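Please look through the sequence and the model below before turning to my comments.

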Amino acid sequence: MNVPRSTLALAAAAATGIQVGAAIVGTRYVVHDIGPFSLALLRYAIGLACIAPFVLMHGRVHFMRRDLFAVLALGIGQFAILVVLLNLGLQFISSTRAALLFATLPLITMVVAALLGSEPLTGRKTVGVAMTIAGVAATMGENLLVDGGRYEWLGVVAVLGSALCGALCSVFYRPYLARYPTLPLAASAMLASVVFLAVAAGLEGIFTQPPSLSATAWTIIFFIGVSSGVAYMLWLWALKHASPTHVTVFLSLSPLTAALLGVSLLGESLTPGVVLGMLGVAGGLWVSTR
């Protein structure tokens, strides 16, 4: 049976959404023991090492100079800036709440795509993403308006900035994905971020005073790196065969994953607001993609 590429693209996007939730929980576990730039560097250096053999087997791809600079800039935004902001946010808020905030990425993507004229703003998409945002608001209002402090607001701003960065990159990647194979493009973008992050992590002292981490922490970092490399290739492939809004809406699976793992592994509480939030993002996912 031949499965349509659009269906496979949504399946790849779903796998990415689950990976994002798991990576957020893993990051929350180690983020207080290592600098945000250093953690991001290790994450994508490992990810790049995982996909490098496949890139070498793929053969050389010639990028136009203008396109290459754009891909490198998008890589820095997608990996370095996005992940560093997410790492900073996880220092102040729980993994479940961070994942729910990051789930606003589909709304931001939809608005950006509509403003740029690359994707129409349909009523069904609007309703689905609005349900997602309502779910996020239920969770955030439960904590921020009741007992949240200024440091929690810093975490909220950082994670929302991370989502904005991801939305912009998702839209701007489309023309380059139409011109070049996914794998070499992903490797080039990731390499740019690793070089950028190496400079920033050097200022944190990772090369002069390597972080002292437990075996468990190193295992988690290795998992985050490997899964990020695989998930990013799936992400780009999904963007190549489906619209940015349909792809990014599957990030709504990340808070569901983060909530389950956060409760079982980090001892985070599953409050009524979190449950309402998960129902909201799950409903928004169904409405947007049915």
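Predicted model: local features only at pLDDT ≥ 70, side-chain atom pairs only at ≥ 80, totals over all residues.

1. Residues are numbered from 1 along each chain as its sequence is written, and side-chain values use heavy atoms, with hydrogens and water left out.

2. Pro-36 belongs to helix 2, residues 36-58 (helices are DSSP runs of H or I, at least four residues, numbered from the N terminus). Its relative accessibility is 10%, so Pro-36 counts as buried (buried means under 20% relative accessible area, exposed over 50%, and partly exposed in between, with a 1.4 Å probe and protein chains only).

3. Leaving aside residues up to four places away in sequence, Pro-36 touches Val-84, Asn-87, Leu-88, Gln-91 and Glu-204, where contact means heavy atoms within 4.5 Å. Val-136 is 100 residues from Pro-36 along the chain, and the C-alpha atoms of the two are separated by 25 Å.

4. Helix 5, residues 105-115, has several buried residues, among them Leu-105, Ile-108, Met-110 and Val-112. After helix 5 comes Gly-117, which has a positive phi near 75°.

5. A search of the whole structure finds 0 disulfides, a disulfide being a pair of cysteine sulfur atoms within 2.5 Å. For Cys-169, the closest cysteine sulfur is that of Cys-165, at 4.4 Å, which is too far for a bond. Cys-169 is buried, at a relative accessible area of 5%, whereas Cys-50, at 26% relative accessibility, counts as partly exposed.

Methods:
Helix = DSSP H or I, 4+ residues; strand = E, 2+ residues; numbered from the N terminus.
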